[in-house]
Amino acid sequence: MPGRQLIMNFPVTATSHTLADYVARGGYQALAKALAMTPQDITREVVASGLLGHGGAAFPVGRKWGVVKLDDGQPHFLCTNADEGEPGTFKDRWILEHAPHLLLESMLIAARALQVRNCFVYMRGEFDLPYRRLAAAIEEAYAGGYFGEKVCGSDFACDIVIIRGAGSYVCGEASGLLSSVEGKRGYPRNRPPRLTVKGLFQRPTVVNNVETLSNVAGIIRDGAEAFKQLGKPKCPGTQLVSISGHIEKPGVYEVEYGYPLQKFLFDDCGGITGGKKLKCIIPGGISTKVLTAAECEPLTYDKESLEKAGSSLGSGGMIVIAEDTCMVRLLQVMLRFYHHESCGQCTPCREGMGWMHKIIDRIVAGDGRREDIDRLYAISALNDGTTICGMGDAAGYATVGILNKYRDEFEYFIEHKRSKLGGNLEAVHA
Amino acid sequence: MPEIFINGQSVQAEDDETVLQAALRTGHYIPYFCWHKSLSIAGNCRLCVVQPEGKNWVEIACNMPVSEGMRVLTDSDIVKKNRKATLQFITLNHPVDCGICDKAGECTLQDYHFEYNGERSISDVPKVKSTKYVELSERIVLDNERCILCSRCVRFTREISKSNALGIKQRGDESLLRAVEDGALDRDAYSDNVVDICPVGALLSKPFLHKARVWYLKPTRSVCPSCSRGCAIDIWHRKPEWKLRNLDPKENTAIARVTPHDNPEVNGPWICNKGRDLAQIFERARADGAMLKGKPVELSAAIEMARRLIDGARQRVAIVSSWGSNEELAAAKEALAGRFATFFKADRVAEEGEPLQDDLLLRADKNPNTTAARTTFGDASAAAPTFPADTDLVLVWGEGFDFARLPAKARIIFLGSYLAPENGHADVFIPISIQTERAGHYTNFAGVVSGFEPCFAKAPSVAHAEAVFASLAGGPRS
């Protein structure tokens with residue numbers, strides 16, 4: 001494993017996801033500790049840990065929590081974002097399947113810190129085993145006295161409900177998620193107001209990613225200082241990386257921040273399929289900018305390093321792309337996705353995604369025009385910061401990222417009406 | 001009262017305003033599609049962008065609360081560029097079929113395109129095809145290709161009319177406005193307002209469909225007589241300069257459509273569907289000649305006869321109209337006072353199935369001026385009139401009174417506007433003008449007085465009730 005582990009630190013067995021096994025390996029001790037702490041102390045500990053969000057934006061968790069005013073006399077809500085929909089990302093699924101109690105314990109601690117009576121888990125509708133595992137874990141937790149009127153016999157009361165999505169990418173955006181929980185169309189909302197001021201049912205709401213929350217139990221149990229021992233000072237802890245694409249050993253790996261990227265790719269993950277050369281990686285779900293092999297070389301896997309290289313951690317969904325892969329067709333796949341998933345609420349994204357998709361389709365069909373590349377740039381630019389949620393921006397980043405670095409492939413495709421690299425998306429075996 | 005700066009000019013904003021509201025109120029126009037002053041903020045059209053001074057990005061003004069010292073630019077290069085882009089995005093899949101669109105001439109998209117874009121579409125990809133002529137209700141048709149998905153109509157049915165009749169299905173550029181179920185919009189007594197608030201020609205009124213180009217029409221301020229709310233309306237009819245001789249004369253004096261005229265004190269920007277159907281009331285067959293016992297006579301002869309009958313009667317009763325204007329009621333009072341026992345009547349009662357009353361606008365009293373009729377003539381209602389025993393003359397003004405209830409031997413003077421069997425039964429029938437032919441005022445149920453203007457000239461053979469009452473007044477003849 002690349003570096004030290006916080007979450008994947010136990011052997012997966014047939015029963016490792018159950019309450020008994022979780023308690024046996026020290027589970028729910030953090031909750032007991034948290035129940036003896038004041039809510040303010042819990043938040044202070046999380047702030048001190050420097051934990052960043054693992055959903056994509058890497059926003060400091062403590063800062064998000066700090067906005068919620070504990071004494072404002074209104075109900076607060078906690079919502080776990082388990083609508084893991086960023087292409088290339090399947091790390092939350094690991095937690096939900098193998099460590100559901102870690103999430104539940106962390107949610108209880110967060111609920112305690114934020115004075116939340118009702119917690120929600122908004123789960124991707126396509127998740128089957130994760131749903132069954134989490135639902136079973138919730139039943140166990142209720143039976144074990146961890147949820148309900150008296151959590152572990154204390155005066156703290158907390159309930160939890162799983163809400164399942166219906167297959168929309170945009171519902172993974174925090175405010176779209178809350179609209180969906182409310183039973184409305186999963187349209188993201190305009191800010192202001194922030195969700196921590198007016199979120200679910202117009203009440204202060206904290207929405208955190210599954211993996212983000214799952215770190216909380218460890219932080220409370222071992223203390224913020226212990227957590228900060230891992231990773232980098234500005235980016236402490238670990239990241240579950242779901243690596244896929246042209247890689248020998250795809251899967252979910254827990255990577256300690258600061259771990260060398262090359263080492264991770266070639267030692268831990270076994271290198272590129274069929275011994276090929278690396279062309280580029282998409283480091284954190286398709287909405288992050290692509291990094292060429294040369295750019296990857298000096299990098300370590302952490303926020304600072306990736307941002308310096310012009311990309312970001314994203315959601316940890318790393319896609320590895322081998323040489324001989326056609327970037328035009330890759331972009332086509334990505335734009336088809338964005339077109340299909342645009343919710344259609346605000347103008348630039350609704351119209352722009354379809355426009356870009358049609359242009360790239362035209363290029364791939366051999367009808368590309370010389371001005372098409374500039375048009376893709378222009379549409380991306382006009383989606384940057386002009387939409388309600390981040391989806392328009394994300395599609396733009398992804399497009400610009402690929403166009404900047406592989407413009408020659410697009411020009412070749414337009415001029416010769418065929419791919420420079422045979423149009424392959426699969427790694428071609430020699 | 002925070003002070004903000006729009007394009008460098010100081011503006012006193014209200015505490016709970018947004019930048020868009022403050023800007024519009026102080027004459028700094030910012031274009032917008034989805035925002036509406038009476039609806040919640042959707043922020044989806046992305047047209048009302050402004051640039052925070054010193055920043056290199058834009059934000060939408062409709063969702064930007066004002067704060068002390070805030071500085072925004074509404075006309076900077078980046079704002080212009082973004083607006084232009086948004087208009088390009090919107091016309092990307094809009095059919096631009098203005099030539100056959102009823103909204104042309106009063107279409108926000110059209111206006112903004114000329115004002116803020118002015119360029120041809122830069123797109124050369126095929127447009128998204130969608131459904132056209134979707135009958136959302138008996139009254140409204142929808143063209144999904146023209147729809148820009150601003151969601152004003154959806155918000156209207158959720159927040160104002162509360163019918164929840166409309167929603168958006170599918171997603172992305174295939175999003176479709178639809179009624180949530182068949183007939184949902186038919187059950188909305190205010191549904192036609194969505195046609196007015198639609199910034200483009202997606203929602204169209206079926207009765208008005210392809211009836212007129214709006215630039216041939218002109219609005220005349222009026223008051224809706226359909227109930228005692230007295231909503232401010234505009235009655236649209238052909239402009240005098242566009243009255244063509246080779247058109248059917250009826251076309252030239254027809255009510256083309258009725259739209260609300262925003263009056264925050266009475267109706268805000270809304271009216272009910274009944275108010276849109278004034279043509280059904282005002283364009284019934286008109287009585288245009290005076291009669292004595294069914295025999296046509298000159299108007300002056302009929303008035304002379306009426307005077308004579310009044311002078312000769314001993315016990316006179318008048319049943320006055322609650323559709324008379326304040327001025328007419330005052331003239332009637334002047335003419336009848338002291339000589340007549342008076343009752344006011346409801347000229348119109350709710351038809352079967354007509355919505356009676358709700359929390360938004362509709363009132364159970366389906367007459368515009370019951371308030372003034374009551375204050376002028378007292379509380380005696382003609383619903384249960386008690387005629388004095390020796391009544392020998394009854395003056396009936398307006399519709400809605402059954403002549404069978406009149407004392408058998410009494411002579412009848414009838415002031416009416418429409419063809420009716422009663423006209424011939426009256427001893428004297430005097431045809432009078434209708435609301436669209438005269439000016440006047442109504443007092444609504446809450447005491448708010450609103451005025452209306454004439455849309456058309458009355459026929460020479462028809463009298464204004466005010467003039468009739470003036471000449472029926474007692475005292476020496478001129």
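**Ground rules.** Residues count from 1 along each chain as its sequence is written, and chains are lettered from A, with ligands numbered from 1, in the order in which they are written. Because the model is predicted, local features need pLDDT of at least 70 and side-chain atom pairs count only at pLDDT 80 or more, while totals for chains, interfaces and linings use all residues.

**Helix α11(A).** I looked up α11, residues 261–268 of chain A (helices are DSSP runs of H or I, at least four residues; strands are runs of E, at least two; both are numbered from the N terminus). Leu261(A), Phe264(A) and Leu265(A) are buried there (20 or more other C-beta atoms within 10 Å of a residue's own, C-beta atoms being placed from the backbone). They cover an arc of only 90° around the axis, which puts them on the same side of α11(A) (the arc is that of the directions from the helix axis to the C-beta atoms). After α11(A) I found Gly270(A), with a positive phi near 80°.

**Sheet.** Next I traced an open sheet of five strands in chain A, in the order β8-β7-β13-β10-β11, with mixed pairing (strands pair if DSSP finds at least two bridges between them). β8 and β11 of chain A are the edge strands, each pairing on one side only. β7(A) and β8(A) run antiparallel over six bridges.

**Chains A and B.** The contact takes 24 residues from chain A and 25 residues from chain B (contact: C-beta atoms, placed from the backbone, within 7 Å). On the chain A side, α15(A) gives the largest share, ten residues.

Notes:
A residue is buried if 20 or more other C-beta atoms lie within 10 Å of its own, exposed if 12 or fewer, and partly exposed in between; C-beta atoms are placed from the backbone. Two residues are in contact if their C-beta atoms, placed from the backbone, lie within 7 Å.
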